[in-house]
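Hi,

Here is the structure I promised to pass on.

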Amino acid sequence: MIQPRARYDLSMWIRPLALALFILRTACAATLDPAKIDELAEKSMRAWGVPGVAIAIVEGDKVIYAKGYGVKELGKTDPVTAGTIFAIGSTTKAFTTAAMAMLVDEGKMGWDDPVRSYVEFFHLNDPMADAMVTLRDLVSHRTGLSRNDLLWYNSLSTRAEIIRKVAFVKPSRQFRSAWQYQNIMFLTAGYAVGRASGGSWEQFVQRRILDPLAMTDADFSADVARTTPNHATPHRKNVTGKPEVIEWRNIDNIGPAGSLNASVNDMAKWIRLQLNDGVFDGKRLISHSAFEEMRTPQMAIRPEDAGRNTNSESNEISYGLGWFLQDYRGLFLVQHGGAIDGFRTSVALVPKQKLGVVVMSNLDNENMPEALRYQIIDAVLGLPAHDWDAELIAYFGKQEAAGRASLDRFLASRQKGTKPSLPLHAYAGTYEDRGYGELKIAVVGKNLESHWSRVNSRLEHFHYDTFLMEDKSPLIFRLGPDANVESVTMLGIEFIKKR
């Protein structure tokens with residue numbers, strides 16, 4: 001049978017040609033239009049309501065853009081500059097793994113060394129995990145432990161005390177079975193850096209990273225940053241949605257996981273090191289093999305665990321050693337965000353295109369740096385424009401709405417007309433969890449009050465033996481067979497009453 005002659009299909013040539021042109025374009029030098037970057041930055045600031053922003057863009061070994069926008073503090077006129085210091089939050093984690101890589105190069109540390117080779121008092125609650133846990137497990141978020149940030153946040157506990165408390169915290173997943181973000185594991189890794197180097201994490205990072213990179217504005221503590229002449233002020237939106245000034249949060253006790261502060265001028269130097277395979281100003285600081293190990297996927301991240309790292313242009317995401325690794329519009333993206341009270345930072349690298357971007361802002365709980373970094377990458381590499389502000393605002397709006405709906409459902413479950421099973425004084429006393437310490441319940445006037453760590457709250461009766469803290473978190477008292485109070489559960493942790 002004779003087949004009819006195929007019609008000439010121009011698309012069979014156009015599509016490969018378009019792809020080839022795209023590959024050629026992105027392999028060539030980045031294209032920077034300063035006016036376009038200004039436009040994107042100002043648009044993002046308006047969309048998210050951010051007071052101040054700083055941006056740096058690096059191509060290869062050259063800083064091609066560094067600029068500040070807006071003000072350091074609402075109500076004042078001091079402008080943000082490229083030298084303004086911001087808290088960089090969890091983007092500190094990559095500094096910790098870089099320090100580890102340097103020690104690996106020197107033979108003083110191994111990624112797969114047991115943690116207790118360096119921190120002898122470190123233990124995990126799960127016996128198998130406790131026996132097998134390595135440094136690599138710590139810095140790839142796969143120990144089986146969920147965040148448990150209240151062990152350190154707003155706490156007076158020292159670094160060693162926080163690490164010791166982990167031994168009493170039950171895992172939420174099986175060892176090495178799932179990626180779960182965990183700051184205390186990075187604290188432990190930084191503690192190990194200090195032990196292996198014969199000093200402290202701060203001393204090693206200062207001597208081996210900050211000094212060689214001439215990151216002269218960088219520091220390790222909010223107590224230092226807020227006293228420098230050119231620092232941003234942290235902000236948070238109030239209940240009306242208006243940004244207002246808040247205090248700097250000291251997080252020295254979790255330092256290796258997130259306490260660094262820096263300017264975009266500083267961070268541009270850090271990006272130069274990242275884009276040049278561990279070499280800075282002609283001097284190799286990290287070996288090629290150790291450097292590549294940090295960008296090798298260590299743990300896959302399930303979509304439901306990816307959170308704010310998901311987007312409509314990425315299909316897969318994993319975690320390396322201190323970095324998120326994902327595809328983005330057909331490109332390989334290495335990135336990490338940082339967030340602490342009043343600040344957000346995002347560092348993004350497109351290694352094959354030799355492009356790096358850092359965006360810093362002085363407003364927390366808003367993902368403007370992530371939205372802006374994508375738009376800058378798109379603009380510089382000539383990719384189709386996409387309104388990442390709108391996409392991420394919509395995404396996080398849905399997340400917030402889901403959270404409010406969940407709280408509303410819980411509050412609607414209240415059984416009206418009930419009363420506590422016992423007189424209020426029967427609930428008073430000291431309750432204890434070996435990891436989270438003591439929770440004290442006291443009768444004050446006609447109400448109960450809770451006192452734990454630095455968190456104090458008046459309690460409102462909800463129903464039966466459940467009370468609400470001022471933030472609407474429940475405290476659920478459990479009575480034993482003798483009708484006496486045996487324990488109380490707060491924030492998912494059961495505190496046992498001391499007798």
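Below are my notes on the aromatic rings and the charges over them.

Keep in mind that this is a predicted model: local features need pLDDT of at least 70, side-chain atom pairs count only at pLDDT 80 or more, and totals for chains, interfaces and linings use all residues. Residues are numbered from 1 along each chain as its sequence is written, and side-chain values use heavy atoms, with hydrogens and water left out.

The structure holds 20 aromatic pairs (rings of Phe, Tyr and Trp, the last by its six-membered ring, with centres within 6.5 Å; planes under 30 degrees apart are stacked, over 60 edge-to-face, the rest tilted). One of them is Phe86 with Phe343, edge-to-face at 6.1 Å centre to centre and 80° between the planes. Phe86 sits in strand S3 and Phe343 in strand S13, so this pair ties together parts 257 residues apart in sequence (helices, H or I, have at least four residues and strands, E, at least two; both are DSSP runs numbered from the N terminus). Both Phe86 and Phe343 are buried (under 20% relative accessible area, with exposed over 50% and partly exposed in between; 1.4 Å probe, protein chains only).

Tyr427 and Phe467 also pair edge-to-face, at 5.6 Å and 65°. Tyr427 is in the loop between helix H15 and strand S15, Phe467 is in strand S19, and 40 residues separate them. Tyr427 and Phe467 are buried too.

There's also a cluster: ring pairs link Trp179, Tyr181, Tyr319 and Phe324.

Finally, the charges: Lys93 lies over the face of Phe186, 5.5 Å from the ring centre (NZ of Lys or CZ of Arg within 6 Å of the ring centre and within 35 degrees of the ring normal). Arg373 lies over the face of Tyr374, at 4.6 Å from the ring centre.

Cheers
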